[in-house]
Amino acid sequence: MRKDEALNVAKIFKVLKDAKGYIWIREIARRTNLNHKTVSRLLSKYFTPFLEVQYLPFRIKLVKLKDNIDFNRFINYWKIKKLEEII
């Protein structure tokens, strides 16, 4: 993972943790000063096992971080995934 990508993932995690419920992808983009397509790409790449997703009409997607997820669990998951790729 590149350094700037890791920083963007951390920004998105913070916004999701502070949201206290479902949040629109474009709102995450506004709060992190990222493009909404970048947010969507990073969510699908890194956050899929940690999200609850709700689809609304007109291709609107609301996301919420699962209740028992903290940053340490998130990082540990990706460390294990990285080890599996090496082995």
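In the views below, helices are DSSP runs of at least four residues, numbered from the N terminus, and the model they are drawn from is a predicted one.

**View 1. The lining of the largest pocket, to which helix H3 gives the largest share.** Of the residues that line the largest pocket, H3 supplies 3, which is the largest share. The pocket holds about 300 Å³ of space, and its lining consists of Trp24, Ile25, Arg26, His36, Lys37, Ser40, Tyr55, Phe58, Arg59, Ile60 and Lys61. At least two lining residues come from each of helix H2 (25–32), helix H3 (36–47) and strand E3 (60–65). Sorted by class, the lining has 5 nonpolar, 2 polar and 4 charged residues.

**View 2. The packing of helix H2 against helix H3.** The axes of H2 and H3 lie 8 Å apart, and the angle between the two helices is about 110°, which means that H2 is roughly perpendicular to H3. On the H2 side the contact is formed by Ile25, Arg26, Ile28, Ala29 and Thr32, and on the H3 side by His36, Val39, Ser40 and Leu43. The residues of this contact between H2 and H3 comprise 5 nonpolar, 3 polar and 1 charged.

**View 3. The crossing of helix H1 and helix H3.** Helix H1, which spans residues 3–19, crosses H3 at roughly 90°, and the axes of the two helices come within 11 Å; H1 is therefore roughly perpendicular to H3. From H1, the residues Glu5, Asn8, Val9, Ile12, Phe13 and Leu16 take part in the contact, while H3 contributes Val39, Arg41, Leu42, Leu43, Lys45, Tyr46 and Phe47. Counted by class, the contact of H1 with H3 includes 9 nonpolar residues, together with 1 polar and 3 charged.

**View 4. A salt bridge between Glu5 and Arg41****.** The count of salt bridges in the model comes to 6, and the one shown here joins the side chains of Glu5 and Arg41, with a distance of 3.4 Å from N to O. Glu5 belongs to helix H1 and Arg41 to helix H3, so that the pair, 36 residues apart, links distant parts of the chain.

How values were computed: Residues numbered from 1 in each chain as written. Predicted model: local features only at pLDDT ≥ 70, side-chain atom pairs only at ≥ 80, totals over all residues. Heavy atoms only, no water. 1 Å grid on protein atoms, 1.4 Å probe; cavity = no way out; pocket = protein on both sides within 12 Å on 5 of 7 lines; lining within 4 Å. Points joined across faces, edges and corners; volume = space filled by probe spheres on them. Nonpolar A, V, L, I, M, F, W, Y, C, P; charged D, E, K, R; others polar. Axes fitted to C-alpha atoms, helices over the stretch in contact; angles between N-to-C directions. Parallel < 35°, antiparallel > 145°, perpendicular 65-115°, else oblique. Contact = heavy atoms within 4.5 Å. Salt bridge = Lys/Arg side-chain N within 4 Å of Asp/Glu carboxyl O.
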